[in-house]
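Welcome! Please open the model in your viewer and keep the selection tool handy. We will go from stop to stop together.

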Amino acid sequence: MTKHELGEWGTLVLGLYRASHETALEEFQDAALACVRPLVSFDASMWGTATLTDQGIDIHTLHLHRKSPEMMAEYEPLKDLDDAAISLIGLPRATRSFDSDLLGGPDERRREFRDVLRRHDQNHILITTRHDPATRF
């Protein structure tokens, strides 16, 4: 079967399948993102797992693709202001997009949150989540 016969989505699935078999575990996420990028254009991404707690999210794993660890260090004390992520809490599956300039309100901490996003070129956000209510993972 040719690439043309597979179509874009077939090529994506085949690429992900190959990456899952031919790529070392620590390289898989970057390989998977390289497969997705022709269909969903993006500059950078974060891929992680977390558990929902009474205080917010407790991040377990985080893969930064073209993002700096400094951004996450600045984000951590302000994560309770992340309206984009908060809007997905408790939904079994969801994908939403956001413009970072529209997040939050006028108070000082929210301005600080938006400043962190701007400093790290996090201008347009697409979040996809899958949540298991039984485990809160």
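**Before you start**

This is a predicted model, where local features need pLDDT of at least 70, side-chain atom pairs count only at pLDDT 80 or more, and totals for chains, interfaces and linings use all residues. Residues are numbered from 1 along each chain as its sequence is written, and side-chain values use heavy atoms, with hydrogens and water left out.

**Stop 1: helix H5**

Select residues 108-119, which form helix H5. Helices (H or I, at least four residues) and strands (E, at least two) are DSSP runs, numbered from the N terminus. H5 has 12 residues and spans 16 Å from its first C-alpha to its last, close to the 16 Å expected at 1.5 Å a residue; that expected span is 1.5 Å times one less than the number of residues.

Now color Arg110, Phe113, Arg114, Val116 and Leu117, the buried residues of H5. Buried means under 20% relative accessible area, exposed over 50%, and partly exposed in between (1.4 Å probe, protein chains only). Look down the axis of H5: the buried residues fall within an arc of 150 degrees, so they line one face of the helix. The arc is taken from the directions between the helix axis and the C-beta atoms. On the face turned away from the buried side of H5 you will find the exposed residues Glu108 and Arg119.

What covers the buried residues of H5? The cover includes helix H3 (69-75), helix H4 (83-86) and strand S4 (124-130).

Zoom in on the start of H5, where a side-chain oxygen of aspartate 107 comes to within 3.2 Å of the backbone nitrogen of arginine 109. After H5 comes aspartate 121, with a positive phi near 50 degrees.

**Stop 2: the largest nonpolar core**

Next, show Phe98, Leu103, Phe113, Leu117, Ile125 and Ile127, the residues with the most contacts inside the largest nonpolar core, which has 15 residues. The elements giving two or more residues to this core are H3, strand S3 (93-99), H5 and S4. Such a core is a set of buried Ala, Val, Leu, Ile, Met, Phe, Trp, Tyr and Cys residues joined through side-chain atoms within 4.5 Å.

Stay on leucine 117: leaving aside residues up to four places away in sequence, leucine 117 touches Met71, Ser100, Leu103, Gln122 and Ile125. Contact here means heavy atoms within 4.5 Å.

**Stop 3: charged pairs**

How many salt bridges does a search of the whole structure find? There are nine, a salt bridge being a side-chain nitrogen of Lys or Arg within 4 Å of a carboxyl oxygen of Asp or Glu.

Select glutamate 74 and arginine 119, whose side chains meet in a salt bridge (2.6 Å, N to O). This pair links distant parts of the chain, with glutamate 74 in helix H3 and arginine 119 in helix H5, 45 residues apart.

Then pick arginine 109 and aspartate 80, a salt bridge with its closest N and O atoms 3.0 Å apart. Here arginine 109 in helix H5 is joined to aspartate 80 in the loop between H3 and H4, 29 residues apart.

**Stop 4: isoleucine 57**

Finish in strand S2 (residues 56-65), where isoleucine 57 is found. Is isoleucine 57 partly exposed or buried? Isoleucine 57 counts as partly exposed, at 30% relative accessibility. Not counting residues up to four places away in sequence, isoleucine 57 touches Ala50, Thr51, Leu52 and Lys79.

Key. A polar contact is a pair of N or O atoms within 3.5 Å; within protein, one must be able to donate a hydrogen and the other to accept it, and residues adjacent in sequence count only if both atoms are side-chain atoms.
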